[in-house]
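Reader: Hi! I have a protein model open and would like to talk it through with you. Could we start once it's on the screen?

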Amino acid sequence: MKLEIQHVTRYMYAEAVADSVNEVRLTPRTNYRQSCYHHEVTVEPAASLLTYEDYFGNRVHAFTVNQPHRELVIRTRATVVTREKDPGAETAPAISMREELELLAGERVQNRYVEYLLPTEYTSNTEQVQDYAKLYPFGEAGLVAWAKRLNSGIHGDLTYDPEATHVHTTVGQTLELRRGVCQDYAHLMIAVCRSLGVPARYVSGYHFVGDLQGGSADFEQASHAWVEVQLPGTGWVGFDPTNNAEVGWRYVKLGHGRDYQDIVPVKGVYRGTANQRLEVKVDVRLL
């Protein structure tokens, strides 16, 4: 499917600020599941963009606005073609569950994916996480089936509530509240996977739901987060516990990292007042 994404991030300051240094991670990736054919970034006030790839292979646009300004606007526009489904989710691997677990415990997986096995500030391997993981033990059907069951379980165990958590909420707090947003759902699934020795990473992007809104374009959209799990014999497979779905053509991936902190869409520092207001508008359309 061909999707067009427009994303506007607007910072409004109570007083003029200066020396604003920023990083933007809003470029769709091109991989086995999607192809980015066009992408543009514009900044107001105008600034030169430095482009590079970070450690995880995410495209980063960096810029600095030195002159005083009361408003900073970052606009991105992209055209992406996506495929129907993750290839790994369509068929079971041609190896047994025992072989999958042996590969997981092997040195090759442990070394290659160490970043996605270690706990982070958001995904600590606490006693709470370990107790929760016991609710979803490995079965004989294979790791793909297990990941689907975990994905569905987290969706059922948590209640979507934008008012319950904030951008710094940890897995421990999410388990206490049993409420949260896509970031919290993703961090919980990642923490459970890692606690059981399964590599998992945080993914940021967009989720197209326009055709599910009665054909109306007048509804609020936002960035989205989900999980990719490394399953031996299968590869990286995407799961969305927020919507109890496997990643397919509706999903446009921007980037991945160990947790939210690695893939913040826009972050930066500036000199001036702390009194600011943030406005984000996202529009995802089917072409």
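Author: Happy to! Lys148 counts as partly exposed, because its relative accessibility is 32%. Keep in mind that this is a predicted model.

Reader: Okay! Which residue does Lys148 meet in a salt bridge?

Author: The partner is Glu246, with 3.7 Å from N to O. Lys148 belongs to helix H5 (residues 143-157) and Glu246 to strand S11 (residues 245-246), so the pair links distant parts of the chain, 98 residues apart.

Reader: And is Glu246 buried, exposed or partly exposed?

Author: Glu246 is partly exposed, since its relative accessibility is 25%.

Reader: How many salt bridges are there in the whole structure?

Author: A search of the whole structure turns up 16 salt bridges. One of them joins the side chains of Arg271 and Asp19, at 2.9 Å from N to O.

Reader: How accessible are Arg271 and Asp19?

Author: Arg271 has a relative accessible area of 54%, so it is exposed. Asp19 is partly exposed, because its relative accessibility is 28%.

Reader: Which residue does Lys253 form a salt bridge with?

Author: Lys253 pairs with Glu228, and their closest N and O atoms are 3.0 Å apart. This pair also links distant parts of the chain: Lys253 is in strand S12 (residues 251-257) and Glu228 is in strand S9 (residues 223-231), 25 residues apart.

Reader: Are Lys253 and Glu228 buried or exposed?

Author: Both Lys253 and Glu228 are buried.

Reader: Which residues are linked in a network of salt bridges?

Author: Arg10, Glu71 and Glu279 are linked in such a network.

Reader: How many of the residues of H7 are buried?

Author: In H7, 13 of the 14 residues are buried, so the helix is largely enclosed by the rest of the structure.

Reader: And what follows H7?

Author: Gly197 follows H7, and its phi is positive, near 85°.

Reader: Let's zoom out. How is the chain divided into domains?

Author: Domain 1 takes in 2-82 + 264-286, while domain 2 covers 88-257. Their C-alpha centres lie 26 Å apart. The contact takes 22 residues from domain 1 and 20 residues from domain 2.

Reader: How much area do domain 1 and domain 2 bury between them?

Author: They bury about 1900 Å², with 56% of it on carbon and sulfur atoms.

Reader: What about salt bridges across the interface of domain 1 and domain 2?

Author: The rule finds zero salt bridges there. Between domain 1 and domain 2 there are 10 residue pairs in polar contact, counting pairs with both residues at pLDDT 80 or more.

Reader: Which elements give two or more residues to the side of domain 1 that touches domain 2?

Author: Those elements are S1, strand S5 (69-82) and strand S14 (276-286). The largest share of that side of domain 1 comes from S14, with five residues.

Methods:
Residues numbered from 1 in each chain as written. Predicted model: local features only at pLDDT ≥ 70, side-chain atom pairs only at ≥ 80, totals over all residues. Heavy atoms only, no water. Salt bridge = Lys/Arg side-chain N within 4 Å of Asp/Glu carboxyl O. Buried < 20%, exposed > 50% of the residue type's maximum accessible area, 1.4 Å probe, protein only. Helix = DSSP H or I, 4+ residues; strand = E, 2+ residues; numbered from the N terminus. Domains from an automatic or database assignment. Contact = heavy atoms within 4.5 Å. Buried area = accessible area lost by both parts, 1.4 Å probe. Polar contact = N/O pair within 3.5 Å; in protein donor to acceptor, adjacent residues only side chain to side chain.
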